[in-house]
Amino acid sequence: MLKHAVRRNMETSPWETRRLDSPPPQQSSRRLVQKQGPAKRGDFEKAPGAYTLHWLCIGGMRGIKCMISETSLLDPMEGIRYRGRTLQECMDQLPKAPGSKIGLPEASFWLLLTDEIPTDAEVKALNEELHKRSALPADVVKLIDSIPKDTHPMTQLAMGLLALQPTSEFGKAYRSGTLKKSEYWQVTLEDALSLVAKVPILAARIFCNVFKDGKHIPSDPSLDWAGNYANMLGVNDSDKFKDITRLYLMLHADHEAGNVSAHTTHLVGSALSDSYYSFAAGVCGLAGPLHGLANQECLRWLKNTHATLKGQEPTVELLTDFAKETLASGKVIPGFGHGVLRNTDPRYTIQRQFVQENFPDDPLAKLAEVCFQAIPPVLEATGKVKNPWPNVDALSGTCMQHYGLDQEDYYTVVFAVSRALGCTSNLVWSRLMGLPIERPKSVTLDWLSKNVK
Ligand SMILES: CC(C)(COP(=O)(O)OP(=O)(O)OC[C@H]1O[C@@H](n2cnc3c(N)ncnc32)[C@H](O)[C@@H]1OP(=O)(O)O)[C@@H](O)C(=O)NCCC(=O)NCCS
C-alpha cells in the first residue's frame, strides 16, 4: 500500500523521476536547475548580514539554497511544515491511537513519504508491517548486549545501526549488479521500512541494558509504533507517557534537509551508501551538542539551575542572572536559538500546550516557563544572537522527565528514533529524483584572500 502511495506521489510530482534510466544520467536534476536558475547574489543580499563570497565559504553555508527535500520545508517564522502542513495541522489531521489526541508519528512517516494523510486502515496496515519487520538479528542483539554500559547511548545506537547494515536490501540488490537506477527507490523504501521498524527495538534494548540492568520488555504487536517504544522503555506504563512519546516522535521526525543529521544522512546516501550506513552517519551528527544533544544539555541546565535555587521560587530576575552567568562562562544557553528559525519554535509551543494541560505544576516545567520570559531578553542584549526564542529542546526533556524518563544521556536516542522517519523518507525521495553524488567546491584561505576583495 505504502509503495503504491509513494508511486502515486511520484507520478504527480513536478520532478521528472520517471526518466531516471534515460541518458544522460541526472538529466532531470540538471533540467530543474536550469529552469529555476542558480541562487542569485541578490538572494543573499536581501538576507540579514549581507552575504559575500567570503561569508558563503566560511559561514556554515547558512541560507544557501543548494539542496532539495520533498518531505518538509522550514519557514523561519512559521516553523516546519510536513508536506505543506503545519505541525498543528498534522496534529489535527493525522490518525490517532484510541483515546489519544496526538497525531501518530508513523502516520507522519506515511505523510512525509507520500504527501497523503493515511487513513486509519492504512496506519493499521503500516503498523502490522512494521511489527513484522521489527526483530533484531541475533548477532546484532549479541553485539549490543556486549557494549560497555558506560558507552554513550548515541554511540551504541550508531553501532547498532551499523551492525544492521548487512540486512540492507539496497546493499544486496546493488551488489547483485542487476539493479536499475529506476528501481533504487523501491529497495530504499524496503530499507526505510525495516530501519524504522527496528530502530525503536534497538533503542529500547540500549535503554534497558544501560539503565534497567538488562531487563527487557518484549515488543507488543497490539500497540502502535511509538506506543510500543514507550512501553518497552519500562519507565511508565500510563497512556500519558505513551502520548508524550508519540508527540515527541511526531514533532522531531523531520526539519527539512539542511540540518546536520538530515544533511549528513543525505550526503552519505548520495554516494549510494545504503540507509543503514547513511542514517548511522546522521545519528553521529545528531550526537553533537549544538544539534540533537542540546535536549540533554538543556535538561542538565534546568536541573542544575533548580538545584542552585535550593527551593526558592524561580523568578525572572533570578533566571536572568543565571542566564548571564552561563553566557559569561563562555557557554551557550541550550534550548534557545536556531540556525534558521527566527521565532518561537512551534514544536516548543505544542509541547508547552501539552505541559499546561497535563502537568503545569511540575517544578522543572515551572522553571522552563520562567526561562521563556527571562532568557530571550538576555540573548537579545548580546546583539549577536539571531534568534533569542526557545527551540524544541527547551521543553522536550522536561516533558520526558515528568513521566520518569529522567536519564538525560538517553534523550538524543529518542530524538534519533524520531528522525529516522524523516531521514529515511528523504533517502527514498533522493533515489526517486536520481540526485547526484554531492560534491561542493572548497577553497583555501589563500584562495579566499586572493579572490575576495
Ligand atoms: C542552534 C545554534 C547552534 C544556532 O547557531 P547559529 O546559527 O550560529 O546562531 P546565530 O547565528 O544566532 O549565532 C550568532 C552568535 O550567537 C551565539 N548564540 C546563538 N544561540 C545562542 C545561545 N542559545 N546561547 C548563547 N549564545 C548563542 C552563537 O554561538 C554565535 O556566537 P559567536 O558569533 O560568538 O560564535 C545556536 O543558537 C545554539 O548554540 N543554541 C543552543 C544549542 C541548542 O539549543 N541547539 C538546538 C537547536 S534545535
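Predicted model: local features only at pLDDT ≥ 70, side-chain atom pairs only at ≥ 80, totals over all residues.
K450 sits in helix α22, which covers residues 445-451. Because K450 has 10 C-beta neighbours inside 10 Å, it counts as exposed. For a sense of scale, look for G383: it lies 67 residues from K450 along the chain, and the C-alpha atoms of the two are separated by 31 Å.

Now let us turn to the inside. In soluble globular proteins, nonpolar side chains tend to be buried together. Here the largest nonpolar core has 117 residues, and the members that touch the most others are L157, V196, A203 and V283. Helix α11, residues 184-211, supplies the largest share of this core, with 17 residues. Leaving aside residues up to four places away in sequence, V196 touches F109, L130, A420, L421 and T424.

Next, find a pair of helices. Two packed helices are described by the angle between their axes and the distance between the axes. Helix α18 (residues 346-358) packs against helix α20 (residues 393-402) at an angle of about 30°, and their axes are 9 Å apart. Their crossing is left-handed. From α18, the residues Y348, Q351, R352, F354 and V355 meet A394, L395, S396 and C399 of α20. By class, this contact is made of six nonpolar residues, two polar and one charged.

Our last stop is the ligand. Around the ligand are 19 residues, the closest being A294, V332, G337, G339 and K386. This shell divides into 10 nonpolar, six polar and three charged residues.

Definitions and conventions
Residues numbered from 1 in each chain as written. Near = placed C-beta within 6 Å. Nonpolar A, V, L, I, M, F, W, Y, C, P; charged D, E, K, R; others polar. Core = buried A, V, L, I, M, F, W, Y, C linked by C-beta atoms within 7 Å. Buried ≥ 20, exposed ≤ 12 C-beta atoms within 10 Å, placed from the backbone. Helix = DSSP H or I, 4+ residues; strand = E, 2+ residues; numbered from the N terminus. Contact = placed C-beta atoms within 7 Å. Axes fitted to C-alpha atoms, helices over the stretch in contact; angles between N-to-C directions. Left-handed = near helix turned anticlockwise from the far one by under 90°.
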